[in-house]
Amino acid sequence: MSKSASRARLAEIIRKRSFGRGEITLASGRKSDFYFNLKPTMLDPEGAALLAELTYETLKDDRLDYIGGLEMGAVPLAGAIAQLSWLKGHPIAAFFVRKKPKEHGARLAVEGLAKGEGLLGKRIVIVEDVTTTGGSALKAAEAVKETGGNVVLVLSMIDREEGATEAFAEAGLAFRALYTAAEFLKD
């Protein structure tokens with residue numbers, strides 16, 4: 001399937017499984033009359049494959065070492081992309097950032113790294129399912145920076161276009177999105 005055909009098919013899946021209208025309170029606290037819950041798309045076999053494929057194609061030339069982001073939205077994305085990157089012969093390892101470190105065990109904020117493995121000096125992309133103001137991705141980027149990782153990009157599957165671009169620019173972070181909310185609102 002061509003990139004444009006994959007993109008169109010994924011948009012259909014998102015529209016059917018993950019997009020809705022109706023009043024909702026977003027993670028940012030803002031009210032909205034539309035929403036995206038990308039989990040049904042990320043956990044759908046075809047949706048997961050297309051998200052991984054399009055994301056990998058977007059990132060393959062960025063010389064990345066790791067991909068990850070804030071739980072829960074980034075976890076299925078990072079895992080699917082890591083798997084596909086291995087199959088494509090250009091592995092990008094995955095991790096995730098806890099919203100709050102566990103109060104027992106290793107008490108880690110960044111999870112998924114083996115003992116002795118670290119993000120120090122590594123090129124990292126923060127992924128997010130849906131971006132509104134950018135707060136979740138910024139929190140993940142801060143946790144990565146605290147470990148010495150080099151966040152080179154934030155990539156969202158869908159940008160709601162409600163301030164994230166500006167927030168990332170202010171933080172000195174490059175930002176890309178596979179889709180914008182406007183693409184789903186025009187119908």
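Guide: Two strands pair if DSSP finds at least two bridges between them. Helices (H or I, at least four residues) and strands (E, at least two) are DSSP runs, numbered from the N terminus.

Visitor: What are we looking at, and how are residues numbered?

Guide: This is a predicted model: local features need pLDDT of at least 70, side-chain atom pairs count only at pLDDT 80 or more, and totals for chains, interfaces and linings use all residues. Residues are numbered from 1 along each chain as its sequence is written, and side-chain values use heavy atoms, with hydrogens and water left out.

Visitor: Strands 3 and 4, then. Parallel or antiparallel?

Guide: Parallel. Strand 3 (residues 66-70) is joined to strand 4 (residues 93-97) by five bridges. I67 has A94 of strand 4 as its bridge partner.

Visitor: What does the chain pass through between strand 3 and strand 4?

Guide: Helix 4 (residues 74-87). This β-α-β crossover is right-handed. The term means that, with the strands pointing away from the viewer, the path from the first strand over the helix to the second runs clockwise.

Visitor: And how many bridges join strand 4 to strand 5?

Guide: Two. Strand 5 (residues 110-111) runs antiparallel to strand 4. V110 in strand 5 stands opposite V97.

Visitor: E111 is in strand 5 too. Buried or exposed?

Guide: E111 counts as buried, at 17% relative accessibility. Buried means under 20% relative accessible area, exposed over 50%, partly exposed in between (1.4 Å probe, protein chains only).

Visitor: What does the E111 side chain make a polar contact with?

Guide: The side chain of R98, at 2.9 Å. A polar contact is a pair of N or O atoms within 3.5 Å; within protein, one must be able to donate a hydrogen and the other to accept it, and residues adjacent in sequence count only if both atoms are side-chain atoms.

Visitor: Aromatics next. How many pairs?

Guide: Eight. Rings of Phe, Tyr and Trp (its six-membered ring) pair if their centres lie within 6.5 Å; planes under 30 degrees apart count as stacked, over 60 as edge-to-face and the rest as tilted. F19 and F184 are tilted, because their planes are at 35°, with centres 6.1 Å apart. That pair links distant parts of the chain: F19 is in strand 1 (residues 19-25) and F184 in helix 7 (residues 181-185), 165 residues apart.

Visitor: What about F36 and F184?

Guide: Their planes are at 75°, so the pair is edge-to-face, with ring centres 5.3 Å apart. This one also links distant parts: F36 is in strand 2 (residues 31-36), 148 residues from F184 in helix 7. F36 and F184 are buried.

Visitor: Which residues form the cluster?

Guide: F19, F34, F36, Y179 and F184. The charged end of R160 sits over the F34 ring, 4.0 Å from its centre. That term requires NZ of Lys or CZ of Arg within 6 Å of the ring centre and within 35 degrees of the ring normal.

Visitor: Last one, helix 3. What starts it?

Guide: At its start, a side-chain oxygen of D44 reaches to within 3.3 Å of the backbone nitrogen of E46. The buried residues of helix 3 include L50, L51, L54 and Y56.
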